[in-house]
Every structure is written in C-alpha cells, then in structure tokens.
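Subject: Structure handover

Hi,

Please find the structure below. My notes follow it, element by element.

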Amino acid sequence: MTAVPVNTPVLGGNEHKYIADCLQTGWVSSEGPYNREFENRFSHYVNRSYGIAVSSGSAALDVALQAIGIVRGDEVIMPAFTIISPAFSVVRAGALPVLVDADPLTWNMDVTQLAEKVTSRTRAIIVVHIYGLPVDMDPILDIAKKHNLKIIEDAAEMHGQTYKGKMCGTFGDVSVFSFYSNKLITTGEGGMLVTDNEEIANRCRKLRNLSFEPTGRRFVHYDMGWNYRMTNLQAALGVAQLEKVDEHLAKKKQIGNYYRTGLKSLKHFQQPLDATADAENVYWVYGLVAESCELADATVSHLNQQGISTRPFFWSMHEQPVFRKMGLFQLDKHPVAEQLSRNGFYIPSGLGLSEGDQDYVINSLLSVNG
Ligand SMILES: *Cc1c(COP(=O)(O)O)cnc(C)c1O
C-alpha cells in the first residue's frame, strides 16, 4: 500500500467537458480543433510565436535536433546530470553528446565549465532546467553567440518559471516542454516545441508528421520524419490544464515552502535553494541530497516502509550502461553529477498532495534525521 504517492495529477477543471466534446464531435485524431487551440494558447502563455504539439517531451527533443540541422559528426554540449531523453536524441541523430558537470547547489549545468567544451565541431548546446531552478542563461547565450551555436532549451520541468523575469521556454532557438502526468500541466503523455523562427516551426511541423509535404502530391516524401502527432483528446486535456496553470504553479511553490519550513531541522541532507539571484524555486520536485549514499538508501527504505514513495535523482549520462557499451564517455568524470546520482532522491510533491500528507512525510524524515 502506498500512503503518499510521489505524484498525483489534478484534473479538476474543464477536462471532462472538453473530452466529452471530442467524443461528441468525433474529433479524436490530431486534426481536431483542440490541437490548434492548445498550440496557440500554450505558445502565447510562454510568449513565443509558434507552438508545435507532439506526442511527448522526448519526441520534441528528437524533432528539435533535426529542425536545427544537427547531423552525424556534430558535437552537442549538454549536462551530465539530466533525464536521458536529450542524450538519446543526440546519439540517435548520429551526433556526439559532450557533457558538462552539475553545479552542486542548483543541480543545473555548471556554466563555468562550458567554454572549455567548445570545439570546431560544436553545433549546439542543450540547456536542461533541473527540478525547479532555471539554468544561468546569460553566460550560455554569450558563448552561443560568440561561437555561432544553436540553443535547444529543455523546459520540460519549467512551465511558468522565469529567468531574470523572462519566461523559461523563450531562450532556445527552439525550446521544448513535456506534458507527462508528473509535469506542471499534463495531457497524460505529450509535449510541445516553441519557437519564434517561422522556418524552424515549419520544419518541426513537417518532422512530427512523417515529413508529409505541405503542398504537392500527397504520399511523396523528400525527407525522413516521425509520427509524433498529439491527439485532439490530449490537446483537449491540455487546454483545460492550461486554464489552471497559475494555480498549479502556486500550489507547487506552496508545497516547496511547506517542506522548507517543516524540514528546517533536518540534519545530514542538502535541500533545494529557495532562490538564486535569477529566480525563485518553483519546486517542480523537492529533492534531498544525503551526505552519503548509505544514508540516502537507509532513508529511502525508511520512508518506503512508512508508505511514502520516493524517486531517486537522475543517473548521470556518463555512467549509463547503454552509452558505456557504445563506447561513449569512457574518459568522462563528473564528480558532482556522480554524487547527486547516488545520494539524491525526491519526496512526494504532486499537485494532489495535502498538508496532512506533507506533515506525515516531514515527521517521518525528522524521526530519523531530525
Ligand atoms: C519529463 C522530461 C522530459 C521527457 O518528457 P516526456 O514527455 O516524458 O518524454 C525531457 N526532459 C526533461 C527535463 C524532463 O523532465
């Protein structure tokens, strides 16, 4: 039995109404009216000119790399500490991921290590905002400008977050979001690319749709593509969820601040920064980093025994068996990412969490480490 799940989505608005509308009108495929509406509304929310809805955040990354023209032999700089999706996309494109270690406090890419990674083959930087604080964008934008590099921004965990007052999702040549069920707004599965560049937007639209040509003889294809389309049903959920995005964001911050106060006396764990000079934490998840991996393991078992679910932190890219067996990253060492992978985990922070649930989690943690 799980007393406190790590995440429960909240579907408390117009979801039923809009889904019923899809069923009544028969629009269940990707050609329906909610697709356009969700793309328009979400891109407007993020402050970008174009939105291209796809079937997942991972699909969006595949499309983004192709759309900016990454090809075999290119190098793409990205964080060592991240979900695997961006690395899969880079490797699938035939390019080489070049990893940068994490910052020990924000857990984002350590931008001071970025410049030394640029070579004559570097074509792009993938920025991934991790867990609730935005990556320090200014140094990245400078390096990208200086070396003529493209930026793909993975803002899958950052709906509504800002960097120096500007929306996350506006910093990439193309930026991507996920609407998986643990994200701030959800379509069950789903994702979106956003950009201000019309040419990139058109390429994304084509790539997600088997590279059907917008004009000319149907079923004659000039390029490779995927079927990464989002359905009208998913988009209907998205439109309903977007109506609640500010509420969801406020709830996440409230959950984070409640943990912060309740866990003040927690010993032997590093907790998330509540802010940097550039932004307040939106606490997509509430991470804890133990002083040792033994302590992390013991605490996770203790919580799990009490019915409290946890998730370990990401496992660093250079230590992934899938990449090691391909011969990648043999000489890589990223001590901060290695330590975060082993000692970090996050506690329940879903939008459905109550203060009673949080008290239970807090007491359970403090009973062994307070
Ligand atoms: C969730 C997530 C993804 C992947 O999104 P999916 O929709 O699950 O494919 C990519 N990047 C980051 C940073 C994520 O958190």
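I begin with the loops. Ser-211 sits in the loop between helix H6 (198-207) and H7. This is a predicted model, so treat what follows as computed from it. Ser-211 has a positive phi of about 55°, although it is not a glycine. Most residues other than glycine have a negative phi. Ser-211 is also buried, with a relative accessible area of 1%.

Phe-329 makes a second case. Its phi is near 60°, again a positive value in a residue other than glycine. Phe-329 lies in the loop between helix H10 (321-324) and helix H11 (335-343). Is Phe-329 buried or exposed? It is buried, with a relative accessible area of 7%; the cut-off for buried is under 20%.

Next, helix H2. It runs over residues 33-46, which makes 14 residues. At 1.5 Å a residue, H2 should span 20 Å. Its end C-alpha atoms are 20 Å apart, so expectation and model agree. The buried residues of H2 are Tyr-34, Asn-35, Phe-38, Glu-39, Phe-42, Ser-43 and Val-46. These cover an arc of only 150° around the axis, which puts them on the same side of H2. The face turned away from that buried side carries the exposed residues Asn-40 and His-44.

What do the buried residues of H2 pack against? Two helices are on the list: H1 (15-25) and H7 (232-242). The strands there are S1 (50-54), S7 (166-167), S8 (174-178) and S9 (191-195). After H2 comes Asn-47, whose phi is positive, near 75°.

Now strand S9, one of those packing partners of H2. Five of the five residues of S9 are buried, so the strand is largely enclosed by the rest of the structure. In a regular strand the side chains alternate between the two faces of the sheet. Both faces of S9 are covered. Gly-191, Leu-193 and Thr-195 are buried on one side. Met-192 and Val-194 are buried on the other.

S9 has these pairings to check:
- S1 and S9 pair in the antiparallel sense, over five bridges. Gly-51 has Val-194 as its bridge partner in S9.
- S8 and S9 also pair in the antiparallel sense, over four bridges. Val-176 has Leu-193 as its bridge partner in S9.

Then the ligand. How many residues surround the ligand? There are 13, and the closest are Ser-58, Asp-154, Glu-157, Ser-178 and Lys-183.
- Asp-154 places a polar side-chain atom 2.6 Å from a nitrogen atom of the ligand.
- Glu-157 has a polar side-chain atom 2.6 Å from an oxygen atom of the ligand.
- Ser-178 has a polar side-chain atom 2.7 Å from an oxygen atom of the ligand.

Last, Thr-299. This residue is in helix H9 (residues 293-305). Thr-299 is buried, with a relative accessible area of 2%. A polar atom of its side chain lies 2.7 Å from the backbone oxygen of Leu-295. Leaving out residues up to four places away in sequence, Thr-299 touches Phe-269, Phe-345, Leu-365 and Asn-369.

Best wishes

Key
Residues numbered from 1 in each chain as written. Predicted model: local features only at pLDDT ≥ 70, side-chain atom pairs only at ≥ 80, totals over all residues. Heavy atoms only, no water. Expected span 1.5 Å × (residues − 1). Buried < 20%, exposed > 50% of the residue type's maximum accessible area, 1.4 Å probe, protein only. Arc of directions from axis to C-beta. Contact = heavy atoms within 4.5 Å. Pairing = 2+ DSSP bridges. Polar contact = N/O pair within 3.5 Å; in protein donor to acceptor, adjacent residues only side chain to side chain. Near = heavy atom within 4 Å.
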